[in-house]
Amino acid sequence: TIIIVGLLTLFGLFVRAWGLWGYAPTPDEAIVLGISSRPTLFGLLAESLHHPHPPLRYVLLHFMLAISDNLFFLRSIAIVPGAAMIPVFFILGRRTSGTASGLAMATLAAFGHAGMMLSEILRTYVMAALFVSVGLAAFCAYVQDYRSRHLMFYSAAMALGLLSHYSTVLPLAAICAVWAGVIIRSSKKLEMGLAALVANLPVAAVALTTYWFHLSSRNSGRWWLALHQGRMGSEYPDSLVGFVVNTLRFFHYLFLPQQAWWLLILFGIGLIVLWVTGRRVISWVILLTFCLNFVLTLTHRYPFGGVRQSFFLFPLISISIGAAAQVGWELAKFLLGKLRETRVRRWATEHRFVLDLAVVALFSLGLCVAAVQISKAHFLRDRFGPGRGELPVMSKDVTEAMSFLRAHVRPGDVVLAERQTILFVELTTGRGPAPVSY
């Protein structure tokens, strides 16, 4: 099992990193790097108040720029969390359902379409999902054995999740509500209540601080309102049919249309399995998180649909799909156990180590073939096609475009461009606030 998870992590890292150095910075990355390159942390934090995202990304990049301005190195703030999510998903799945669930979740983390895309650009959605997953695993571990060491991981993970992306507040609120229910039903109300209070105090401090200094500021709120009333209007359904359509669009975004339907069915089966088999704590966390998102969507406060802003739901969806995979594995074992004693079964029992080795070898061969096919099919470039990805411009094309501008645009000529494009040109020419090598 450890070997399989390790191989999944390596190949997940490969499909994220391979060829990424051939892509130029996007206009959004130009904005992020412009903020992060402020000479002082105070100036950086002051500038970040005018943007809708929390400060962790800008602070990390600020210190990384002091080490190197290589764009591939800077994008590691997304690549590394994307790869780290693979073993974390395995731990979370094994904790909630079993080993088969963990392997299924790790596979989803390694090769999920949205997870790969968001791991290759200067965004923190994957980082936030990673911290939410760690927090969920720690919370589930605590309600199972009540060991206080899990609370430290929970506090740190959820606080960092809030500093990565504010969508973390939705699973956080769901966890706290479920936690309150667990305390009420417990015979050790005082002890568990104090533990929950201590664990959530640092998280609450981060939430209140970021709200007071950032979210409540006029500039950040105005930007957010303009963004969500504009191009994201379709992500705010106001009917049951609209929510069904957006749910399907969300699964299309996470897994691509070819896999969306059957994974959506597995998600529904997994929810039923979690509830029926008595794993009500994680079931309630999943249901409450979705309900909170739906309420905020109906009130036009936060979107739900096939957009990156909904990616925080990915760990919860994977838990449910993993539960369905675990039931399938248990059913297969049960049916195999009903077979009569045969020579094949006797041989398999006597040579268990050989069979395990064969499974790992076949799995490794499959991953190698997949990696070769990905490379041959230019999978990364297909994924970044027009309108489908985050990195549509290659570095060589930018070089050609800048050469064309230098050759045909004279001093004093007027060039009409949007703000992001202007920042992008400044970035690539070295005249902006954050020249980057790529």
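Student: What makes the span of helix α14 (residues 240-255) close to the expected one?

Tutor: Helix α14 has 16 residues and reaches 23 Å from its first C-alpha to its last, against 22 Å expected at 1.5 Å a residue. The expected span is 1.5 Å times one less than the number of residues, and helices are DSSP runs of H or I of at least four residues, numbered from the N terminus. This is a predicted model, in which local features need pLDDT of at least 70 and side-chain atom pairs count only at pLDDT 80 or more, while totals for chains, interfaces and linings use all residues. Residues are numbered from 1 along each chain as its sequence is written, and side-chain values use heavy atoms, with hydrogens and water left out.

Student: Which residues of α14 are called buried?

Tutor: They are G242, F243, N246, T247, L248, F250, F251, Y253, L254 and F255. Buried means under 20% relative accessible area, exposed over 50%, and partly exposed in between, with a 1.4 Å probe and protein chains only. Just after α14, L256 takes a positive phi of about 75°.

Student: With which residues is I317 in contact, its neighbours within four places in sequence aside?

Tutor: I317 is in contact with F250, F251, L254, F255, F267 and F290, where contact means heavy atoms within 4.5 Å. I317 is also one of the three residues, with W179 and F311, that touch the most other members of the largest nonpolar core, which has 74 residues. Helix α9 (residues 125-145) gives the largest share of this core, 12 residues. Such a core is a set of buried Ala, Val, Leu, Ile, Met, Phe, Trp, Tyr and Cys residues joined through side-chain atoms within 4.5 Å.

Student: Why is the pair R75 and E29 called a salt bridge?

Tutor: The term requires a side-chain nitrogen of Lys or Arg within 4 Å of a carboxyl oxygen of Asp or Glu. For R75 and E29 the N to O distance is 2.8 Å, so the pair qualifies. The pair links distant parts of the chain, 46 residues apart: R75 lies in the loop between α5 (71-74) and α6 (76-96), and E29 in helix α2 (residues 27-36). Both residues are buried. R38 and E47 also meet in a salt bridge, at 3.7 Å, N to O.

Definitions and conventions: Helix = DSSP H or I, 4+ residues; strand = E, 2+ residues; numbered from the N terminus.
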